[in-house]
Number of protein chains: 2
Amino acid sequence: MSRWPDDARTRLAAAAVDLYLEQGYDRTTVAQVAGRAGVTERTYFRHFPDKREVLFANQAAIDDALVDAVATASGTVRDLVVAGLTAVAASLQDRHAELARRQPLMDQHPDLRERELAKLGSWSTALAAALAAHGIAPDRAALAASVAIAVLDVTARDWLGGPGDADLARAVREALDEAAALLGGS
Amino acid sequence: MSRWPDDARTRLAAAAVDLYLEQGYDRTTVAQVAGRAGVTERTYFRHFPDKREVLFANQAAIDDALVDAVATASGTVRDLVVAGLTAVAASLQDRHAELARRQPLMDQHPDLRERELAKLGSWSTALAAALAAHGIAPDRAALAASVAIAVLDVTARDWLGGPGDADLARAVREALDEAAALLGGS
DNA sequence: GCAGGTGATGTCAGAGGCTGACGTCACTCG
DNA sequence: CGAGTGACGTCAGCCTCTGACATCACCTGC
């Protein structure tokens, strides 16, 4: 039996979502979140670099899933992109309830949406690098990655508003086609 | 002759870019920026809501240009999008030097890139609304807008690294085609 | 002219986000 | 059993950002 209860990080994440939803993001102090998790404010900042990041606790793993999927895939640029997006979609699919619960916070607080966009940006960067590793020219890779992640964002936000058993991966593939049809061919 | 030198806002913006470049963004305090501009810290926060926003001082006008261009255009979704992006490109074209100067800050400081992404997000939202005003279904509009802005971002960042007389609008149109070709047609 | 309104700024006080330095204590490993 | 190691607490402090109130040039109507 250890001196400290395990998983301070997990407790902090849970406490944060609860408090942010209960009493609003800006009316909640980090000290309150830490208090509910049974630690001090200083400990909060050892686990998360700032007040927002706690809402994105386990999204780092998605980065890896994305990169792995693209690395092990092959085919056209579209095939590689679909492989990556499908992996991300799979990761999100299981967590529909959790993500839908915290989504109102993103929509109500520009600060939080800002951080969400930054996360998407890091996925985009990771995807571009993974595409480049397949020999795709860097600027083409960056373009494809950026657009792909934009499609994912729009589709996922729509999916979050629906039932948890809707097939996100399928919706993403369809949105990819639709986007290409809408914007291509001058 | 007025009591206060005019354009505190402009002086603040200039002082901020200079100081952020000279001594780094995080080693610069708002009080220093205000001091160089000849005002107090409190006055800074009357002109800009936070430490970052000063770097995006005149980008609000671009929002309007984008919306106007789409509103007065007609044709396919692609036509409308191209009209909007062309208007934005025109606004950026004149300010290549200024934007290129501050760009390293965006690349070096995640906080600032984060804000930049938020600005792109607001363009995307505005574009989606403008498309919807033409009768395009909201989810199709959101998809087209998001992808279009992603293309603009990648293209503009590349353009910023090149000479100021390169034609951004043309590059954006080409990138739109390239993106559609890369990702379409399953 | 002149009283009152307006707008931009200054001053002051304070909450809250975030960081560095240092101490404590259980656990572990040699 | 003694020296790490890691997770946490404590303390002090800077900086970002906000509310409340004062000041002073300028304008407006009379």
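View 1. Val151(A) and Val151(B) touch the most other members of the largest nonpolar core, which comprises 80 residues. Such a core is a set of buried Ala, Val, Leu, Ile, Met, Phe, Trp, Tyr and Cys residues joined through C-beta atoms within 7 Å; buried denotes 20 or more other C-beta atoms within 10 Å of a residue's own, with C-beta atoms placed from the backbone. The model is predicted: local features need pLDDT of at least 70 and side-chain atom pairs pLDDT 80 or more, whereas totals for chains, interfaces and linings use all residues. Residues are numbered from 1 along each chain as its sequence is written, and chains are lettered from A in the order in which they are written.

**View 2. Surroundings of Val151(A).** Neighbours within four places in sequence aside, Val151(A) is in contact (C-beta atoms, placed from the backbone, within 7 Å) with Val172(A), Ala175(A), Leu176(A) and Ala179(A), and also with Leu143(B) and Val147(B).

**View 3. The side of chain A that touches chain B.** Contacts link 35 residues of chain A with 35 residues of chain B. Two or more residues each come from H5 (77-93), H7 (110-132), H8 (138-160) and H9 (168-183) of chain A, helices being DSSP runs of H or I with at least four residues, numbered from the N terminus. H8(A) supplies the largest share, 13 residues.

**View 4. The relation between the copies.** A rotation of 180° with 0.0 Å of shift along its axis superposes chain A on chain B, with an RMSD of 0.1 Å, by least squares on C-alpha atoms of residues with pLDDT of at least 70 in both. The two copies are therefore related as by a two-fold rotation axis. In chain A, the C-alpha of Ala180(A) is nearest the axis, 2.1 Å from it.

Conventions
Contact = placed C-beta atoms within 7 Å. Buried ≥ 20, exposed ≤ 12 C-beta atoms within 10 Å, placed from the backbone.
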